[in-house]
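Biologist: Please show me the model and its sequence, and then let me ask about the parts one at a time.

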Amino acid sequence: MVAAVALWMASQGVDPVEGLAVLLPGLYVDGWLVGAASARAMVDGAPLDLGDWTPGDTAVAQAQIEALGVSAGLATLLDGVPDAARDIADGRLKDLARVLIDGTDAGDPADVVGDALLEEAGDPARAAAVATGAVVTAAGLAAMAAYLGAGVRMGRWVTDSGNVCPACRANADAGEVPVGEPYPSGAVEAPQHPRCRCQVVPA
Ligand SMILES: [Zn+2]
């Protein structure tokens with residue numbers, strides 16, 4: 001069914017991998033600046049310095065990353081864009097395939113299934129989740145790189161208030177963990193999962 005959806009999208013001239021590959025670098029660079037600058041501020045006990053950056057201004061983000069000297073590791077993340085784009089697109093194709101399966105299982109007419117597919121494909125909440133996930137992932141990796149660059153040896157997993165999942169709770173309960181080493185969940189930095197609001201701070 002996923003293959004059928006992929007074929008249908010290709011027949012419509014839609015290539016989700018290509019679209020994501022264009023968008024991800026900007027999201028990664030923005031997230032990297034936020035994560036690295038926040039980590040730097042925490043280490044130095046200084047105010048957060050984002051320069052003249054405003055969200056979405058990738059060129060300014062890139063310049064500020066250089067100015068702060070926290071670019072180490074960003075190139076590796078950007079090298080992973082094609083793979084990440086494929087993974088995200090695969091996940092979305094599975095979402096669409098599920099809509100197709102549910103519709104055909106329910107015996108819905110083609111136009112109803114078609115409307116459901118369009119609604120799923122154009123769901124702004126899904127797009128926002130993908131974009132937020134990219135930014136937060138980049139920020140977590142940038143924070144770890146900034147800690148290592150600043151000589152921070154030990155980190156601590158901090159959860160947000162509110163409902164915390166068992167995996168993140170266990171990571172927090174682990175206390176001090178060497179930067180770059182895995183927490184009990186297996187993650188070496190936050191986020192642990194989509195919509196995770198945790199962060200790693202110097203211990
Ligand atoms: Zn979490």
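The questions go from the whole chain to single residues.

Modeller: This is a predicted model, in which local features need pLDDT of at least 70, side-chain atom pairs count only at pLDDT 80 or more, and totals for chains, interfaces and linings use all residues. Residues are numbered from 1 along each chain as its sequence is written.

Biologist: In what order do the elements of the protein chain run from the N terminus on?

Modeller: Helices (H or I, at least four residues) and strands (E, at least two) are DSSP runs, numbered from the N terminus. The protein chain has eight helices and three strands. Read from the N terminus on, the order is α-α-α-α-α-α-α-β-α-β-β.

Biologist: What percentage of the residues in the protein chain is buried?

Modeller: A residue is buried if 20 or more other C-beta atoms lie within 10 Å of its own, exposed if 12 or fewer, and partly exposed in between, with C-beta atoms placed from the backbone. The C-alpha atoms fill a box of roughly 60 × 40 × 25 Å along the principal axes. Of the 203 residues in the protein chain, the buried share is 29%.

Biologist: How many residues of helix α1 are buried?

Modeller: Helix α1 covers residues 2-11 and is hardly covered. After α1 comes G13, with a positive phi near 75 degrees. Among the 10 residues of α1, the count of buried residues is one.

Biologist: Which element gives the most residues to the side of domain 1 that touches domain 2?

Modeller: An automatic or database domain assignment sets the bounds, and the chain is divided into domain 1 (2-151) and domain 2 (153-203). Their centres, taken over C-alpha atoms, are 21 Å apart. With contact meaning C-beta atoms, placed from the backbone, within 7 Å, 12 residues of domain 1 are in contact with 12 residues of domain 2. Two or more residues on the domain 1 side come from α2 and from α7 (124-149), and the most, 10 residues, are given by α7.

Biologist: How many residues on that side of domain 1 are charged?

Modeller: Ala, Val, Leu, Ile, Met, Phe, Trp, Tyr, Cys and Pro count as nonpolar, Asp, Glu, Lys and Arg as charged, and the others, Gly among them, as polar. The side of domain 1 that touches domain 2 has nine nonpolar and three polar residues. The number of charged residues there is none.

Biologist: At what angle do the axes of α2 and α3 cross?

Modeller: Axes are lines fitted to C-alpha atoms, for helices over the stretch in contact, and angles run from 0 to 180 degrees between N-to-C directions. Helix α2 (residues 16-44) and helix α3 (residues 58-68) have axes that come within 9 Å and cross at roughly 35 degrees.

Biologist: By class, which residues make up the contact of α2 with α3?

Modeller: The contact includes W32, L33 and A36 of α2, and A61, I65 and L68 of α3. By class, the contact has eight nonpolar, four polar and two charged residues.

Biologist: Which residue does a cis peptide bond join to A190?

Modeller: The omega of this bond is about 5 degrees. The residue concerned lies in the loop between β2 (176-178) and β3 (199-202). Its contacts, leaving aside neighbours within four places in sequence, are V136, T137, G140, C196 and C198. The residue joined to A190 is P191.

Biologist: Is E189 buried or exposed?

Modeller: E189 is found in the loop between β2 and β3. Beyond four places in sequence, E189 is in contact with G140, L141, A143, M144 and V200. Because E189 has 24 C-beta neighbours inside 10 Å, E189 counts as buried.

Biologist: Is R195 buried or exposed?

Modeller: R195 is in the loop between β2 and β3 and has a positive phi of about 65 degrees although it is not a glycine. Because R195 has 11 C-beta neighbours inside 10 Å, R195 counts as exposed.

Methods:
Contact = placed C-beta atoms within 7 Å.
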